[in-house]
Amino acid sequence: MQQNPSDIVIIGAGPAGCSTSLFLAKNKIPHTIIDKAVFPRDKVCGDALSGKTVYVLNQLDPSIIPSFDQQKNEFIESWGVKFVAPNGKAIDIPFKQDMSKEKYPPGFISKRVDFDYELFKRLDRNYATVIDGAELTTIKRTAATFEIAYEKANTTVTISNIKLLVGAEGDRSVVGKALSTIKKENDHYCAGIRAYYEGVTGMHPQNFIELHFLPEMLPGYFWIFPLPNGMANVGAGMLSSEVSKRKVNLKADMLKAIENNPNIKDRFKDAKLVGKIQGWGLPLGSKKRQLSGDGFILVGDAGALIDPFTGEGIGNALYSGMMAANHIIEAIKQNRFDAAFLKQFDDAFYARQWDELKLSHTMQKLCKFPWLFNFVVNKAHKNKALRETISCMFEDLDLRAKLRNPLFYIKLLMNDKTK
């Protein structure tokens, strides 16, 4: 069947939209991708690129990650994470047990203005009709297809006979609001703030990202992520229901931690804020949502797929885009864009990712019990076998599932070894 670029339209050219587009182009599927911004553009985020991000980009093109490794001004390699418990005790957990075997790092950190632009530049104009600086204004259903209108340069443009719309424009997705049942729920939503600093000291030599679970921010955390050129991404996030219930001022609490926390304040003694402290919302993947329906699919933040524990969304955005592209290819082959067929995308995504999201939700809930977090970190600090177990959990979901099993904590209480 001959495809027209207007048959498949992706709204949003961030990681989720670009992933969908790049995998469609890899399979020679014509399509259109629209974004209201003109790239490069900034996006408020923690800026960490996880192992899942590395995995998806390797599936797309094995040359991408080596190219990141060469762009030292835009990408900095990261080899692990530092967890700091509410009592101030810290443990370093590498992303890989034997890092000497790794040619390239398992993770990176990059400002979103740079990372997103890198993806945008890679869009294949042979198959992708790319329209930026264009804001979607209306969506209309016309029989079995859609008609949309967007504004660009004070001109209204209409695209008709769209067989499939892909909502990839983030938390405030116009496609999602118009067509899906996803609503903001404070128990499954996180408030976040981010600032850029220069001159923060005490970074890990292998650029471990830092998660500080400060008592006043539970169930949430304060973070410090190293960036290229001596910069740091500093921020804080907390469940929106807790922010509302406790009337939390995240910005004030973050600045208070920088000024007063004994593990943090000396590192900011000569640091300087660069730009403004900015906030954003994170729709968490702590419950299953409707990701598709008649003629539409939602990917990334538009589908509320952010990790509930870490707050990381780029990996699942790229992964959902890759899976959506694979499903779109099948939809084209069978000329099926109905809700029953597209629901197979929902089922496939959650079959792959729900155990991980559910585990992260459990970890998020455990943060409500500081004594338990302190206990586990204290044990890990003393116990090499436990540290190695936690490290392996970044690679092995079966091992990560231990953290959801109460027996894991009972064994810790009974002795110093985890088996």
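Tutor: Asp, Glu, Lys and Arg count as charged, while Gly is among the residues that count as polar. This model is predicted. In the lining of its second largest pocket there are eight charged, five polar and five nonpolar residues.

Student: How much space lies in the second largest pocket, and which lining residues are closest to its centre?

Tutor: The second largest pocket holds about 260 Å³. Its lining has 18 residues, and Asp171, Lys177, Ile182, Lys183 and Lys184 are the closest to the centre.

Student: What makes Phe68 and Phe115 an aromatic pair, and of which kind?

Tutor: Ring centres must lie within 6.5 Å, and planes over 60 degrees apart count as edge-to-face. Here the centres are 6.1 Å apart with 75° between the planes, an edge-to-face pair. Phe68 belongs to helix H3 and Phe115 to helix H4, 47 residues apart.

Student: Are Phe68 and Phe115 buried or exposed, and why?

Tutor: Buried means under 20% relative accessible area. Phe68 has 2% relative accessibility, so Phe68 counts as buried; Phe115 has 0% and therefore counts as buried.

Student: Why is the pair of Tyr350 and Trp354 called edge-to-face?

Tutor: Their planes stand at 85° and their centres are 5.8 Å apart, so the pair is edge-to-face. Tyr350 and Trp354 both lie in helix H9, four residues apart.

Student: What makes Lys111 a charge over the ring of Tyr196?

Tutor: The distance limit is within 6 Å of the ring centre, and the charge must also be within 35 degrees of the ring normal. Lys111 lies over the face of Tyr196 at 4.5 Å from the ring centre.

Conventions: Residues numbered from 1 in each chain as written. Predicted model: local features only at pLDDT ≥ 70, side-chain atom pairs only at ≥ 80, totals over all residues. Heavy atoms only, no water. 1 Å grid on protein atoms, 1.4 Å probe; cavity = no way out; pocket = protein on both sides within 12 Å on 5 of 7 lines; lining within 4 Å. Points joined across faces, edges and corners; volume = space filled by probe spheres on them. Phe/Tyr/Trp six-rings, centres within 6.5 Å; stacked < 30°, edge-to-face > 60°. Helix = DSSP H or I, 4+ residues; strand = E, 2+ residues; numbered from the N terminus. Buried < 20%, exposed > 50% of the residue type's maximum accessible area, 1.4 Å probe, protein only.
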